[in-house]
Amino acid sequence: MSKAPGRGQTRYVCQSCGEAFLRWEGQCRACSAWNSLVETVVRAEPKPPRLAVGPGVGGAVATSRLGDVGSADGARLTIGIAELDRVLGGGLVPGSVVLVGGEPGIGKSTLLLQAAAGVAARVGPDRVLYATGEESAAQVRLRAERLGLLDGPAADIRIASESSVDRIGDVAASPPMPALLVVDSIQTATVDDLDGPAGSVGQVRGSALRLMELAKPNGIAVVLVGHVTKDGSIAGPKTLEHLVDAVLTLDGDRYAPIRLLRASKNRFGSTDEVGVFQMSDGGLSEVADPARAFLAEHDGPAPGSVVAPTLEGSRPLLVEVQGLVAPGPGGTPRRTTSGVDSNRVALLVAVLARRAGIGLASHDIYVNLAGGLTVDEPGLDLPLALALASSLRDRPIGPGTVAIGEVGLLGELRAVSGLDRRLREAARLGFVRAVVPRAGRGAPTPDVPGLEIVAVGSLREAIEAALAGGPVGSGRVAVGSARC
Ligand code: TYD
Ligand code: MG
């Protein structure tokens, strides 16, 4: 540690969690991240005055009756993109700070430029400020042209090609005061009086704090773009996520058109809603029937393919789970998963072997969700297990069949929430049969017109019911051994 007069002290700040240490260490003691400490100059902040009690002291803090406080929800700023408004809980709240995260290239800038255009059409383009530190103003213009926004009011949106938060603040403070300020991205934003490069935890946190100070008293809705790091967290994750009012994540496969917008935190609405978009030449557009957006298109049933009626918040989405099982060349078998938790797949492989006589220990296994979706709900267990069993036995799941249910370590099936809603959606999309966990106490099996419901108690029963053919462990196909 060194101290230069007037310059502040150096600290080693973890780029993952923001914790500061006096000495460099290979692993952060707070969050256990490796090689995340970066030497940073920290300026001594003036200490707040000591708290004092007694008559006549501390009178500067004004309080008001809770009932008299104005509602933060009073005048939401609707964006006009229904899926985005829905995820936000009815539009942007003036004075709030929203973080939109996602991998580079997923479509964050596209979505926010479209959102800026939407707000411009409502409150006037001079009240929308788009600060871009990542791209030049010319690049933003090019995107706007591509999105066909230059013919409308969006052509008059104010663009600031600027990464200094202080200068962005100066622009925002000059009339007309913006109703919406987009900062693309928070990783390029810097605060003038902080040392450290753009993107470091100190700068990211300092910039977000400064923008919050700008947003709250002036009633400006601020939207920050945040890139997600490899491990799936937004840089400076813990610090940023705690600061902002809402965290939205844009998710999807860069090479597939569908994008999902989820709220992982929302102080002004529920985190249950998801927005489904489609990326095309004209930018992100709403999907006409989101429930079927993640169904892969192929003719008829195929071995290894199972449709799962998942529930994303309150919205049912039918997702195709694909499994491929192939005899391995020897040695450690490959386990490749996309869109699902690989630990969960490993667990299901063990349960399949011990409780259902389906041995996959020496097989290579590939699991994928169609459309680049990521699903982490436990109800996906049964479809995953069925996809693996179906691929091993090379028998398709019965036509028009969906399956959902959590699998326990004993091979038992557990109920999932919202079964009725999931199955109604499956019936609406033309499915005729559903393999579901047997009803427990307080959760009766729903009755859905047009849908045959096969309620089963164990994974073994589910495999028998779902795979067209004889019961598990009999017939021509050798199951329960490494060969198939
Ligand atoms: P972008 O919004 O720049 O992503 P991010 O800000 O998250 O890094 O989107 C980049 C991708 O989107 C790029 O690969 C091209 C594609 N795209 C389209 O397919 N259609 C469009 O109309 C636009 C503007 C982009
Ligand atoms: Mg971008």
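Mentor: Start with a term: contact means heavy atoms within 4.5 Å. Also, this is a predicted model in which local features need pLDDT of at least 70, side-chain atom pairs count only at pLDDT 80 or more, and totals for chains, interfaces and linings use all residues. Residues are numbered from 1 along each chain as its sequence is written, chains are lettered from A and ligands numbered from 1 in the order in which they are written, and side-chain values use heavy atoms, with hydrogens and water left out.

Trainee: Which residues of α7 meet which residues of α10?
Mentor: From α7 come V351, L352, R355 and A356, and from α10 come L459, R460 and I463. By class, this contact has five nonpolar, no polar and two charged residues.

Trainee: What makes something a helix or a strand here?
Mentor: Both are DSSP runs, numbered from the N terminus: a helix is H or I over at least four residues, a strand is E over at least two. On that count the protein has 10 helices and 22 strands.

Trainee: Why is L311 called buried?
Mentor: Buried means under 20% relative accessible area, exposed over 50%, and partly exposed in between (1.4 Å probe, protein chains only). L311 has 13% relative accessibility, so L311 counts as buried. L311 lies in strand β14 (residues 305-312). Leaving aside residues up to four places away in sequence, L311 touches P316, E377, S417, G418, R421 and R422.

Trainee: And what does S280 count as?
Mentor: S280, in strand β12 (residues 274-280), has 38% relative accessibility and therefore counts as partly exposed. For the protein as a whole, 49% of the 484 residues count as buried.

Trainee: How do you know that the buried residues of α10 line one face?
Mentor: The buried residues are L459, A462, I463, A465 and A466. Seen down the axis of α10, they fall within an arc of 165°, so they line one face of the helix. The arc is that of the directions from the helix axis to the C-beta atoms. What covers these residues includes α7, α8 (381-393) and β21 (433-437).

Trainee: Why are the buried residues of α3 said to be on the same side?
Mentor: In helix α3 (residues 137-146) the buried residues are V140, R143 and A144. They cover an arc of only 100° around the axis, which puts them on the same side of α3. On the other side, A138, L142 and R146 are exposed. The buried residues pack against α2 (108-123), β6 (128-132) and β7 (158-160).

Trainee: What puts the buried residues of α4 on the same side?
Mentor: Helix α4 (residues 165-173) has V165, I168, G169 and A172 buried. Their arc is only 105° around the axis, which puts them on the same side of α4. Their cover includes β6, β8 (180-184) and α5 (201-218).

Methods. Nonpolar A, V, L, I, M, F, W, Y, C, P; charged D, E, K, R; others polar.
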